[in-house]
Amino acid sequence: LGALLVIPAIPALTLFARRPDGVLTFWAAALAMTGSALFAAHGVIALAVFPTLADNARELLEPLGGMNRGIMLATYIAVGAVNMIGWILLGVSLWGGQAPRWATAFLLAGAVLFNLPPGPVRLFVLAIGGLLWSAALLRFAADDSLSGGTETAPMRRIRPLTPDSVDRPER
């Protein structure tokens, strides 16, 4: 769910970049959005397909089973790589821009850690990566320096521009 929710925020995140209109920022945003969409699709497969496989064809999910080798393994690696590279490039484009360095460092560290393969890497490390990444995104979301702050429109009513005949009934 988080991977889907972050996709529309990525273009806004690029406003913090050193060069928001630069080529690196564009490709970083495109890769991060693509990687996030692929990561979300991977999550749906893990939630919807894997339980059925576990009940009916457990051998496919074994460490040397069909879901962990060949084209399936290559697909999982590609999804993780695109997501990781996209977010790393986005972090690089943010470095030196208007973003706080600590938040950019959290984003970079989180992007690497939560995209590591869950087999050889402990789940605790993946969770720490997700927390770092989320903390960085929350920091960017709380920053109102590019949005104009909390100022709102004036609260007084302004009369619409209408012809006098409509505004003043004849007596």
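**Exercise 1.** Find what share of the contacts with a separation of 6 or more in the protein chain comes from residues 24 or more positions apart.

*Solution.* Count a contact where heavy atoms lie within 4.5 Å. Of the contacts with a separation of 6 or more, 63% join residues 24 or more positions apart. The model is predicted: local features need pLDDT of at least 70 and side-chain atom pairs pLDDT 80 or more, while totals for chains, interfaces and linings use all residues. Residues are numbered from 1 along each chain as its sequence is written, and side-chain values use heavy atoms, with hydrogens and water left out.

**Exercise 2.** State how many helices and strands the protein chain has.

*Solution.* Take DSSP runs, numbered from the N terminus: helices are H or I with at least four residues, strands E with at least two. The protein chain then has 9 helices and 0 strands.

**Exercise 3.** Describe how helix 6 and helix 7 pack, and which residues make the contact.

Step 1: angles over 145 degrees count as roughly antiparallel, on a scale from 0 to 180 degrees between N-to-C directions. The two helices are therefore roughly antiparallel to each other.
Step 2: Met84, Trp87, Ile88, Gly91, Val92 and Leu94 of helix 6 meet Thr104, Leu107, Leu108, Ala111 and Val112 of helix 7.
Step 3: sorted by type, the residues of this contact are 9 nonpolar, 2 polar and no charged, with Gly counted as polar.

Methods: Parallel < 35°, antiparallel > 145°, perpendicular 65-115°, else oblique.
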